[in-house]
Amino acid sequence: MSGRDPMLLRLVPVRLVFAGTPEPALPALRRLIDSPRHEVIAVLTRPDAAAGRHRRPEPSPVAREALDRGIPLLRPSRPNSPEFVAELSELAPQCCAVVAYGALLRDTLLAVPPYGWINLHFSLLPAWRGAAPVQAAIAAGDTITGATTFRIEPSLDSGPVYGVVTETIGPTDTAGDLLERLAISGAALLSNTLDGIADGTLTPRPQPSDGVSLAPKVTVEQARVRWDLPAPVVERRIRAVTPNPGAWTVIGDLRVKLGPVHIDATAELLGPPKPLPPGAIHVDRKNVWIGTGSEPVRLGQIQPPGKKPMNAADWARGARLDPAARAS
């Protein structure tokens with residue numbers, strides 16, 4: 001960028017390809033499309049995936065936005081293939097902006113745009129590198145998280161950092177709540193980062209070598225509640241997988257989904273008889289309690305198979321639970 005007039009750069013929109021897939025990528029995509037400083041020449045997203053009850057292929061949220069906006073859509077099954085590298089090279093983007101695209105990118109693809117691939121990641125790197133940083137932060141009991149913009153390298157989320165924003169994790173935040181806020185503040189961070197790169201006013205700094213932690217994708221099996229863990233851990237883990245992939249447990253012969261649970265300070269007066277072993281269930285007139293590795297937790301909402309979420313006490317009255325029923 002040496003020898004180029006920053007004032008001239010501010011007048012010429014930067015040619016961008018935006019790469020993203022899920023709904024949290026939408027605030028950033030919309031901000032860049034609507035910005036006079038950026039020209040989104042194409043959108044890169046994952047191929048259509050099976051969804052819904054009938055498992056029919058459906059476009060990603062980012063794909064739908066691009067189609068609605070009339071922006072060319074790229075959906076390669078193998079983004080690192082020579083064929084797609086050539087296709088992207090023909091588009092000649094100056095930079096590629098990435099928010100939760102969902103695929104690792106190799107050297108030949110990373111070398112296409114002169115300003116590089118700039119990723120918005122929802123953690124304070126080097127903490128929680130990987131696919132599920134928001135879930136990992138809540139499950140770990142972190143009180144502060146944030147978003148980071150960095151230049152992508154072939155290794156996982158290890159590239160040099162351009163900027164950060166921070167966000168407090170509230171005591172009742174679910175992953176959905178927190179991700180919604182980070183998607184909005186992160187969109188502004190990404191836009192400002194791209195401006196600074198184009199102006200030559202931002203220089204990335206290497207990530208520190210200490211403080212690295214990993215946040216791999218949470219599987220459905222990992223979202224099963226472990227009632228033998230202490231109540232605070234159970235409570236955090238359930239919030240961490242709400243709404244996706246969703247906490248679940250088996251009661252009797254039913255697999256049910258669970259919303260966030262509660263640890264009540266008044267439980268000794270109003271709650272179940274003590275002790276309540278892990279997985280044991282106590283139902284009173286207004287509440288459903290389940291034992292953990294420490295104190296019991298009070299269920300909020302529960303979703304039986306094929307039904308909508310409902311109040312746990314209402315469900316228990318209709319389910320006519322066996323007094324010996326347990327959650328496992």
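A disulfide here is a pair of cysteine sulfur atoms within 2.5 Å. By this rule the structure has zero disulfides. The legends below describe a predicted model, in which local features need pLDDT of at least 70 and side-chain atom pairs count only at pLDDT 80 or more, while totals for chains, interfaces and linings use all residues. Residues are numbered from 1 along each chain as its sequence is written, and side-chain values use heavy atoms, with hydrogens and water left out.

**Figure 1. Overview of the protein chain.**
The chain holds 10 helices and 16 strands. Helices (H or I, at least four residues) and strands (E, at least two) are DSSP runs, numbered from the N terminus. Along the principal axes, the C-alpha atoms fill a box of roughly 75 × 45 × 30 Å. Of the 328 residues, 46% count as buried. Buried means under 20% relative accessible area, exposed means over 50%, and partly exposed lies in between (1.4 Å probe, protein chains only). The accessible surface comes to about 16400 Å², with 54% of it belonging to carbon and sulfur atoms. Such areas come from the Shrake-Rupley method with a 1.4 Å probe; for residues, only the protein chains shown count as cover. Among contacts with a separation of 6 or more, 65% are between residues 24 or more positions apart. A contact means heavy atoms within 4.5 Å.

**Figure 2. Cys95 and Cys96, two cysteines without a disulfide.**
A disulfide is a covalent bond between the sulfur atoms of two cysteines. The sulfur of Cys95 has its closest cysteine sulfur in Cys96, 6.5 Å away, which is too far for a bond. Cys96 is likewise in no disulfide. Cys95 is buried, at 2% relative accessibility. Cys96 is buried too, at 0%.

Side chains of opposite charge can pair when their charged atoms come close. A salt bridge is a side-chain nitrogen of Lys or Arg within 4 Å of a carboxyl oxygen of Asp or Glu. The whole structure has 11 salt bridges. In one of them, Asp34 pairs with Arg69, with the closest N and O atoms 2.9 Å apart. This pair links distant parts of the chain: Asp34 sits in α2 (residues 26-34) and Arg69 in α3 (residues 61-69), 35 residues apart. Asp34 is exposed, at 53% relative accessibility. Arg69 is partly exposed, at 34%. Both belong to a network of salt bridges that links Arg30, Asp34, Glu65 and Arg69.

Asp314 and Arg317 meet through their side chains, at 2.3 Å from N to O. The two residues are three apart in α10 (residues 312-319), so about one helical turn separates them. Asp314 is partly exposed, with a relative accessible area of 41%. Arg317 is also partly exposed, at 48%.

Glu235 forms a salt bridge with Arg239, and their closest N and O atoms are 2.7 Å apart. Both residues lie in α8, four residues apart, about one turn of the helix. An α-helix has 3.6 residues a turn, so residues three or four places apart point the same way. Glu235 and Arg239 are both buried. The buried residues of α8 also include Ala231, Val234, Ile238 and Ala240. Partners that the buried residues of α8 pack against include α6 (133-140), α7 (175-199) and β11 (254-258).

Thr242 lies in the loop between α8 (231-240) and β10 (247-251). A cis peptide bond joins Thr242 to Pro243, with omega about 10°. Another cis peptide bond joins Asn244 to Pro245, with omega about 0°. Thr242 is buried, at 15% relative accessibility. Leaving aside neighbours within four places in sequence, Thr242 contacts Thr174, Ala175, Gly176 and Pro260. The C-alpha atoms of Thr242 and Ala175 are separated by 5.8 Å, although the residues are 67 apart along the chain.

Ala92 is not a glycine, yet its phi is positive, at about 55°. Ala92 sits in the loop between α4 (82-91) and β6 (95-99) and is partly exposed, at 41% relative accessibility. Asp157 has a phi near 50°. Asp157 lies in the loop between β8 (144-151) and β9 (161-168) and is buried, with a relative accessible area of 11%.
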